[in-house]
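Here is a brief tour for a first look. Keep the sequence and the structure side by side while you read.

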Amino acid sequence: MRISEHPILKFRRGHRVRFYFDGQEMKGFEGEPIAAALHAEGVRVLHYSEAGRPRGFFCAIGNCSSCLMMVDSQPNVRTCITPLRAEMDIRTQRGRGVLSGEQSEDRES
Amino acid sequence: MKQVDIAVVGAGPAGLHAALMGAERGLDVLVIDNAGQAGGQLVKQTHKFFGSREQRAGTRGIHIADELTKKLSTYTKARLWLSSTVLSYYPADQTLMIEDDAESIRLIQAQRLIIATGASEKLLPFPGNDLPGVYGAGAVQTLMNVHGVKPGRKVLMVGAGNIGLIVSYQLLQSDVEVVAVVEAAPHIGGYAVHASKIRRMGVPIYTSHSVKAARGEQVLERAVIWQLDEQWNGIDSTQFELPCDVLCLAVGLSPLTELLWQAGCRMVFVPELGGHVPWHNGRGATSVPEVFVAGDAGGVEEASSAMATGALAGLSAVESLGQCPDYAEATGAWSRELDALRAGPAGSKIRKGLQSLQL
C-alpha cells in the first residue's frame, strides 16, 4: 500500500529492487527501511516474542525492539531503520534469534 | 581524543538551533544524531506552523529542517554526524562515547554538552497493545510522510491532542480512512481548528472514551472502546467494537533523559512536563555547569518552543565559555518569543510545569 499521490509531499524513491521475505520474492525501493518495504507488501508480523506473541512495527526510530528480524543471517536487526538493499534475505525472527556460528543447542532457551 | 567546544546530542529543532548559536559565534560545534537525516520530528511535519512570522507561521516543518541543516553546513567549524548514536557520557572527563553505523566507536571530549534528545511516545496499557497494527503516532507519520507507505486501511486514533488531530488529518490526506478519534478526557485537548477540520471530513471524535482492548489473531483486527466515568473508570455497558487495522497512539510523550541522568543532573518529576526532567533555569542551564538541556528533553512542548529553548541553551553554553558578547540581547529576543508561545490557555500546563520545576 504505497501512497501514489499526495497533496503536499513528493516521495524520492531509490531503485526498485528484489528481496526475499521468508524465502518469498518481493519488491521494494533501495534505501528505504526494510520494515517500510515489508509494510508496503502487506507484511505486518516481523518477529515473535519468546512467548510466541506476534510483534510488528511500532516506534519507527530504532528504539523499541519490536521490529527485530534476521537479515542476511544476522539476528536482531532493527528493520525500521536499516536500509533495504537488493537481494537481501529477510526472515521473521523468533525469540532472541541465533548468532551466526553459534550452535542453537548451546543456547539456553 | 578529538575535542570540541560544544557537542550537541540530537539534530532536531532544538539541537540545530543550539548548534547554530555556537557556530555563528565561531565555536567548534559537533552535532550527533542517530537518524540518517537531520531535522528530528520536523522531517515528518507536513502541516504549516502557527504563530507569528518569527515563529515561522505558514512554513511546513519539512522545509524548516532543510533550511536549518543548510544553514549549519555553511559554518566550517560545525559538523553533523548522522547515523551516530551517543552510547554514554562520562562526566569526570566530559567525554561522549559515540557509535557510528559502521559499528565503530569514537570518543569525543566536549567543553560543553547540550542535550536535545527529544522525547519518546507513551504507551497505553490495555490487553493486546503489543499486536502488530498498534503503532505510535510518530511511527505512523514516519511511515506515511517520510517513506510514502500507508500504515493501513482503517485507523483508530487514540488521543485528541494536537498530535492526534494533525496525524488524523495527514492520514485523510494520504487517502487512509480514520474510523474515529477517541479521547479519555472530557474535552478535546488540541486546537479547535484542527478538530473541526477532521470533523468536517466525517471523522467522529469520542471524548470521555478510551480503548478497553485490541483484538486480532496475528494482527490487529478490531478495537473495543468504552466510555469513562468521572473517575476515569470504564463503563462496561457502553462498550462497542470498531473494526480497524491500525490503532494509532497519540497519548503524550516522555522526555528522553538517559544522558542527563548519566551526567548527574538533578532530576525532578513534573507530570506537566512529561515526567522526569532535569532541573533547569529556563535558559537551558542544568545543575551541572557544563551540561545544558534543550527542547522536549527538558519538558515536552512542541517544535516552535523547541527552537526557542534550543537557541537559549546554545547561547547559555556559548556565554559560559566567555564567547557571547551579545548574550543579553540575543537571549532577550528568544525569551520573549518563548513567552509568547506559552501565553494563553494552551500554554497553561507548561507554565504550571515550569513553575513546579523551580520549587
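Predicted model: local features only at pLDDT ≥ 70, side-chain atom pairs only at ≥ 80, totals over all residues.

**The hairpin in chain B**

Met267(B) stands opposite Pro278(B), which belongs to β18(B). Between the strands of the hairpin lie four residues. Gly274(B) in this hairpin has a positive phi, near 105 degrees.

**Two domains in chain B**

Now take chain B as a whole. The chain is divided into two parts. Domain 1 takes residues 2-120 + 253-356, while domain 2 takes residues 123-249. Their C-alpha centres are 30 Å apart. Eight residues of domain 1 of chain B and twelve residues of domain 2 of chain B take part in the contact.

What do the two domains bury between them? The area is about 750 Å², with 65% of it on carbon and sulfur atoms. The count of salt bridges between these domains is zero. On the side of domain 1 of chain B that touches domain 2 of chain B, four residues are nonpolar, three are polar and one is charged.

**Chain A**

Turn to chain A. Its secondary structure comes to one helix and eight strands. Along the sequence the pattern reads β-β-α-β-β-β-β-β-β. The C-alpha atoms of chain A fill a box of roughly 55 × 25 × 20 Å along the principal axes.

Three strands of chain A make an open sheet in the order β4-β3-β8, with mixed pairing. Why is one side of β4(A) and of β8(A) left without a neighbour in the sheet? Both strands stand at the edges and have a single partner strand each, so one side of each has no neighbour there. Strand β8(A) spans residues 93-94. Strand β3(A), residues 47-48, is joined to β4(A) by two bridges, and these strands run antiparallel. His47(A) has Arg55(A) in β4(A) as its bridge partner.

**Where chain A meets chain B**

How many residues does each chain give to the contact? Chain A gives 26 residues and chain B gives 36 residues. The size of an interface is often stated as the accessible area lost when the parts come together. Chain A and chain B bury about 2,700 Å² between them, 59% of it on carbon and sulfur atoms. On the chain A side, Met1(A), Arg44(A) and Phe58(A) lose the most area to chain B, and together they account for 27% of what that side buries.

Arg44(A) also forms a salt bridge with Asp245(B), with the closest N and O atoms 4.0 Å apart. Three salt bridges are counted between the chains. Twelve residue pairs are in polar contact between chain A and chain B, both residues being at pLDDT 80 or more.

Which elements of chain A supply at least two residues each to the side that touches chain B? They are α1(A), residues 34-40, and β4(A), residues 54-55. The largest share, three residues, comes from α1(A). By class, that side of chain A has 17 nonpolar, four polar and five charged residues.

The table sets the two interfaces next to each other.

| Interface | Buried area | Share on carbon and sulfur atoms |
|---|---|---|
| Chain A and chain B | about 2,700 Å² | 59% |
| Domain 1 of chain B and domain 2 of chain B | about 750 Å² | 65% |

How values were computed: Residues numbered from 1 in each chain as written. Chains lettered and ligands numbered in written order. Heavy atoms only, no water. Pairing = 2+ DSSP bridges. Contact = heavy atoms within 4.5 Å. Buried area = accessible area lost by both parts, 1.4 Å probe. Salt bridge = Lys/Arg side-chain N within 4 Å of Asp/Glu carboxyl O. Polar contact = N/O pair within 3.5 Å; in protein donor to acceptor, adjacent residues only side chain to side chain. Nonpolar A, V, L, I, M, F, W, Y, C, P; charged D, E, K, R; others polar. Domains from an automatic or database assignment.
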